[in-house]
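Have the structure open as you read along.

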Amino acid sequence: MRVHQMWDTYPELKNDLSKVLQLIESNIRVRDKVVEKTIKDLIYSGGKLLRPAYSLLCSQIGPSKDKNRAIAVAAALETLHMATLIHDDVIDESPTRHNIPTIHTHNGNKFAIYAGDYLFCVCFTILSKYATSLSHLEFNARSMEKILSGELDQLNARYQSTVTVKKYLARVSGKTAQLFAVSCYSGAVESEASRPLAMNAWNMGHYIGMAFQIMDDILDYKGDSQTLGKPVMADIKQGHYNLPLIYAIQTNPHELIPILDKKESLTDEDMAQLSKLIAKYKGVEKAELLAKKYTEKAIKQLSKLPDGDYKNHLFEITLSLLNRNV
């Protein structure tokens, strides 16, 4: 699969996303051809390319319309995203992504870490060729630091049944939301948008990322393994306590914590009981309400951007994320 079918409705954007993948592939040059093929296979593994799509759309905010530069920035951001996914899969010991075996499953953790690190290098190689200023490179370096800190926070928070909504939101802000924010902001900056408009784009991306991660949490309960590309309730099994579960814990910790204390030893019966308790205490419904609030905040920021077809597309795509099933 080259570009996800969700972009069929937006043919120009789909064509640009195809160029994003081609640019990433053209920068993958590894002496070890097994490593090179593995990374190139990942590029076309069926990801939705949301972050580069947002970057490309936001590159139409300002007066500069340099398509090649916009595609390059989007490619760098997607490369950064892919690198974090590889590392996530190693940490979480995830067997599949998009229903495809993960790199570490076939090749081992050391191989996967190398592949992820290599993609970080590719990200900055692309940026260094196309970014308009050194300050922009420094900004993206700081953003990467925050994203990686978010990954470390997530690792340290595994199996912590005392996690609060506040701590959860801080973790999501530093990981998922940061990359969405950087994507929107980078597109706007490279189009020479004004500082206020670039910050509108940043805030919009942040709120979109928050809503997106919460919806991912919800799908961990409402989806199935085939559509999700990973086992249902996989987050809990891996010790990542997401928002619906956190809401349920807050409502009645005495029922849930003794089960969660089993950690890696959770049985199928335990998982079924947790699912019932999360439903009983309306964890999913509460998470949906928060996702809706973040989406409304994103739409408010979006409404401040200059009019154009890109803005209509941003509205449609952002609202569809709240109603998605995959």
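## Two loop residues with positive phi

Let's begin with Lys 282, which sits in the loop between helix 15 (268-280) and helix 16 (283-302); helices here are DSSP runs of H or I with at least four residues, numbered from the N terminus. The phi of Lys 282 is near 55°, a positive value in a residue that is not glycine. Most residues other than glycine have a negative phi. Lys 282 counts as partly exposed, at 47% relative accessibility. In this scheme buried means under 20% relative accessible area, exposed means over 50%, and partly exposed is in between, using a 1.4 Å probe and protein chains only.

Leu 49 also has a positive phi, of about 60°, although it is not a glycine. You will find Leu 49 in the loop between helix 2 (33-43) and helix 3 (50-58). Leu 49 is buried, with a relative accessible area of 6%.

## About the model

This is a predicted model, in which local features need pLDDT of at least 70 and side-chain atom pairs count only at pLDDT 80 or more, while totals for chains, interfaces and linings use all residues. Residues are numbered from 1 along each chain as its sequence is written, and side-chain values use heavy atoms, leaving out hydrogens and water.

## Salt bridges

Side chains of opposite charge can pair when their charged atoms come close. A salt bridge is counted when a side-chain nitrogen of Lys or Arg is within 4 Å of a carboxyl oxygen of Asp or Glu. How many salt bridges does this rule give? The count comes to eleven.

One of them links Asp 8 and Lys 14, with the closest N and O atoms 2.4 Å apart. Asp 8 is partly exposed at 45% relative accessible area, and Lys 14 is partly exposed at 26%.

## Pairs within helix 2

Helix 2 holds both Glu 36 and Lys 33, three residues apart, or about one turn of the helix. The closest N and O atoms of their salt bridge are 3.4 Å apart.

Asp 41 is partly exposed at 43%, and Lys 37 is exposed at 53%. Elsewhere, salt bridges with shared partners join Glu 12, Asp 16 and Lys 67 into one network.
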